[in-house]
Amino acid sequence: MKNQFIKLFSIAIVSAMTLTSCENGFEEMNTDPNALTTPSPKSMFTLAEVYMDGQDYSNTRANNIYAAQIVQQFSSIGGSGSVYSYDGGYSGSLFGESYGKGLSQIFQLMSVLPNTTENSNMIQACRIMKVFMFQKLTDTYGEVPYFEAGKGYNGNIFSPKYDTQQAIYNDLLKELDEAGDALDANKPFVGNADLFYQSDVAKWKKMANSLMLRVAMRLSKADAAKSKLYVEKAFAKGVFTSNVESLVLKHDSSPQGVKTNPITSTWVINDLQNGKGNIKFSKTFIDLLKNNNDPRLRIYAKLEATQDNNPANQQGLANDAKVIPGGDSQLFSDPNTSTVLRTDAPTLIISYAEVQFFLAEAAVKGWNVTGTAKQHYEDGVKAAMEILTIFGDKVPAVTTAEYNAYITTPGIAFDAPNALKQIGTQKWIVLLFNGIEAFSEYRRTGFPVLVPVNAPAGVTNGTIPRRLVYDQSELFTNSANYKEAIQRQGLDLMTTRVWWDK
């Protein structure tokens with residue numbers, strides 16, 4: 001698998017370079033007979049999957065430093081996310097990287113794929129991945145270039161207009177509906193070039209429907225009727241039904257930046273510092289798990305300096321802390337480098353647990369998803385615990401007895417009047433290391449209940465941010481369209497709400 005991944009990745013890089021090279025009439029003079037001169041769609045597809053959930057740059061900045069600290073999964077003294085201050089490079093990182101890498105790779109691949117039976121499944125999978133990336137973008141910033149994005153490859157549009165989030169969401173749902181239906185197990189796919197599901201079309205269909213569930217539920221307050229329609233449609237089509245169907249991308253411990261986990265690797269190499277680093281688990285996160293005897297705490301956290309993962313000894317850093325209490329950062333909990341913070345830890349992109357929590361919410365609303373809210377909630381919590389086995393066996397897995405004790409704990413045991421709060425809080429836990437999604441869900445649901453930080457460096461007047469600020473290069477490279485977008489949406493500030501954030 002390692003050698004195959006490196007080979008596919010390398011060919012994909014060369015393929016991308018081939019597609020963007022210039023033709024100046026010197027083809028025969030400059031052609032290396034041993035070089036790759038035609039694109040390799042399968043290898044480009046592999047690279048698209050690698051890029052889909054972001055690389056080190058955006059995950060370090062937009063995900064770990066901004067979003068995950070805004071929603072108080074992590075904390076750092078004076079960190080941009082912890083105190084809601086503005087940093088242009090951090091805030092715009094997801095915007096720049098998404099268009100420059102992930103979406104560019106998808107558009108590039110689709111521009112060279114003939115619309116034939118042989119390529120049909122690859123085309124549908126590209127449409128699904130494109131939806132995933134665009135939802136993350138529009139949820140983070142609001143209006144973004146969508147319908148004209150990628151038209152530089154075949155439409156000569158290099159300054160794409162921004163589209164309203166409502167229009168984007170309508171098309172995201174349409175794309176998932178059509179692409180999922182068009183996937184066909186009787187047609188060729190890409191074999192093992194598919195790192196997600198090894199070309200298992202049935203699982204790709206469930207991925208499309210599970211993503212449709214996520215997209216549809218985001219509309220629950222902006223367009224409840226459409227939200228209900230597509231939540232029920234996604235469920236009827238077939239969403240994830242077990243952890244083995246969860247969308248997971250595996251990684252290896254080297255080489256750095258190619259196969260390592262883009263969420264954890266920079267953290268481990270540059271920021272962990274044997275427990276002396278600035279980013280720590282937040283007090284909000286550690287206290288919630290610790291106070292409820294959550295068995296996941298030993299898997300998630302440890303004191304890196306002493307390798308102590310005893311839940312009783314874990315300590316989180318308050319998001320409003322101005323200095324390290326006691327002056328010793330090694331006394332505060334880091335993500336566990338034996339499990340979730342390994343450089344080769346798999347990325348959990350969309351989980352079965354998350355799907356169950358969406359279904360629990362739908363059941364609370366009385367929507368037709370079969371099963372009770374209590375059943376979906378409890379199945380979600382159990383799945384969230386069981387999926388942690390993907391992070392290895394160096395820490396004991398959660399046992400059935402531990403789950404049974406946890407799920408009957410007061411405050412955790414399903415309570416109908418407080419069901420939405422419980423569902424939202426449990427989803428926040430399972431979305432650890434997926435700060436962008438946790439940030440979106442917090443804004444939609446208001447859960448978990450967080451105490452805002454009011455720091456002098458903050459730019460939100462002590463309120464939790466509602467979005468991130470665009471990549472400021474847009475002021476120079478796409479100025480007219482950028483200005484039109486903020487006239488519709490509101491000022492390019494962290495306090496401006498996106499369309500669905502009611």
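Which residue lies over the face of Trp 367, and at what distance from the ring centre?

**View 1. Lys 365 and the ring of Trp 367.** In this predicted model, the residue over the face of Trp 367 is Lys 365, placed 5.8 Å from the ring centre.

**View 2. Arg 218 and the ring of Trp 500.** The face of Trp 500 has Arg 218 lying over it. The distance from Arg 218 to the ring centre is 5.8 Å.

**View 3. The aromatic pair of Phe 74 and Trp 267.** The model holds 24 aromatic pairs. In the one shown here, the ring centres of Phe 74 and Trp 267 are 5.0 Å apart and the planes meet at 75°, so the pair is edge-to-face. Phe 74 belongs to strand β1 (residues 74-75) and Trp 267 to helix α12 (residues 265-271), so the contact ties together parts 193 residues apart in sequence. Phe 74 has 0% relative accessibility and therefore counts as buried. Trp 267, with a relative accessible area of 2%, is buried.

**View 4. The aromatic pair of Phe 74 and Phe 433.** Phe 74 also pairs with Phe 433, in a tilted arrangement with 5.5 Å from centre to centre and 55° between the planes. Phe 433 sits in the loop between α18 (419-430) and α19 (435-445), whereas Phe 74 is in strand β1; the pair links distant parts of the chain, 359 residues apart. Both Phe 74 and Phe 433 are buried.

**View 5. An aromatic cluster.** One cluster is formed by Phe 95, Tyr 99, Phe 107, Phe 134, Tyr 141, Tyr 146, Phe 147, Tyr 162, Tyr 470 and Tyr 482.

Key:
Residues are numbered from 1 along each chain as its sequence is written. This is a predicted model: local features need pLDDT of at least 70, side-chain atom pairs count only at pLDDT 80 or more; totals for chains, interfaces and linings use all residues. Side-chain values use heavy atoms; hydrogens and water are left out. Rings of Phe, Tyr and Trp (its six-membered ring) pair if their centres lie within 6.5 Å; planes under 30 degrees apart count as stacked, over 60 as edge-to-face and the rest as tilted. Helices (H or I, at least four residues) and strands (E, at least two) are DSSP runs, numbered from the N terminus. Buried means under 20% relative accessible area, exposed over 50%, partly exposed in between (1.4 Å probe, protein chains only). A charge sits over a ring if NZ of Lys or CZ of Arg is within 6 Å of the ring centre and within 35 degrees of the ring normal.
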